[in-house]
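Q: Could you walk me through how to read burial, cores and chain contacts in a model like this?

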Amino acid sequence: MAPKVGVVTFPGSLDDVDARRAVRIAGAEPVALWHGDHDLQGVDAIVLPGGFSYGDYLRCGAIARFAPIMTEVVAAANAGVPVLGICNGFQILCESHLLPGALIRNDHRTFVCRDQQLVIENASTAWTSDYTAGQTVTVPLKNGEGGFVADTATLDALEGEGRVVARYVGGNPNGSLRDIAGITNERGNVVGLMPHPEHAVEELTGPGTEGLGFFTSALTALVSR
Amino acid sequence: MPRVIVDVMPKPEILDPQGKAVHGALPRLGFHGITDVRQGKRFELEVDAADEATLAEIAKVAETLLSNPVIEDYTVRVEG
């Protein structure tokens, strides 16, 4: 039976349907999860999708962090379940303290939407094992508050421990410190990523299929467990 | 009814693009004496009594929800 990957829908989520589609194309069974439930429906991995949960009120991800289902998501993440936060999902993971740092408004103050080249630096996380370290991929990027910030000690620790999952190549699109596009936790099961791999899983609708590896990686991690 | 004010500001070392945008608009409007602008948030909390226990609770609210301590500082004060 194919592993089940849950995708949480918050009020204001935009990319939950695309994330479920990416899960299906990768070969897993997508499961729609609802923010107001306390039920993960037995999924093997979880995606927090992009969008503007709760209208980005207060701070991006700040209200979503206290959504009912986040109690279960945080417990699952701490138990080793693979969790991927994309864009707003990344912001929610930072607000939840599952990942260090925070995402602030783009330094150039405008929303950016473009195909973005990334270099995968850590190919041993639950979400990047199907890539090779140093590989470059192109996936869409679209954010207004995508600038990753953390204090110097945290940045040094992330780099020193190999927890920078992906970095921007060919120009920093949002002022992220040290060109960081994605990070992981110490265990490598929780990954936050500002760009959108779920929009690059089919030739017809994206810049290519180089985002699919994030979703097949989770499948590989689950099958080999 | 007492009102408690929580001010939340971006930490000094954190870039504040909104404040910069406001600052950038000032010369265009003919205001030239302002050298920097930082933009924050002000929360007004109505409480039954601004006693020590309530203020301690509000400090907790400020730390867990109203601000993100990674990027922001907050202050709590009673108005009036």
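Q: Is helix 5 of chain A mostly covered or mostly open, and how many of its residues are buried?
A: Call a residue buried if 20 or more other C-beta atoms, placed from the backbone, lie within 10 Å of its own. By that count helix 5 of chain A is mostly covered, with nine of its 12 residues buried; among them are F214(A), F215(A) and L219(A). Helices here are DSSP runs (H or I, at least four residues) and strands are E runs of at least two, numbered from the N terminus. Keep in mind that the model is predicted: local features need pLDDT of at least 70 and side-chain atom pairs 80 or more, while totals for chains, interfaces and linings use all residues. Residues count from 1 along each chain as its sequence is written, and chains are lettered from A in the order written.

Q: What covers the buried residues of helix 5 of chain A?
A: Contact means C-beta atoms within 7 Å. The cover includes strand 1 (4-9), helix 1 (16-26), strand 3 (45-48) and strand 4 (83-86) of chain A.

Q: Which residues have the most contacts inside the largest nonpolar core?
A: A nonpolar core joins buried Ala, Val, Leu, Ile, Met, Phe, Trp, Tyr and Cys residues through C-beta atoms within 7 Å. The largest has 71 residues, and I46(A) and L193(A) have the most contacts inside it. Helix 5 (residues 212-223) of chain A gives the most to this core, six residues.

Q: How many residues does each chain bring to the contact?
A: Chain A brings 13 residues and chain B nine.

Note on methods. Two residues are in contact if their C-beta atoms, placed from the backbone, lie within 7 Å.
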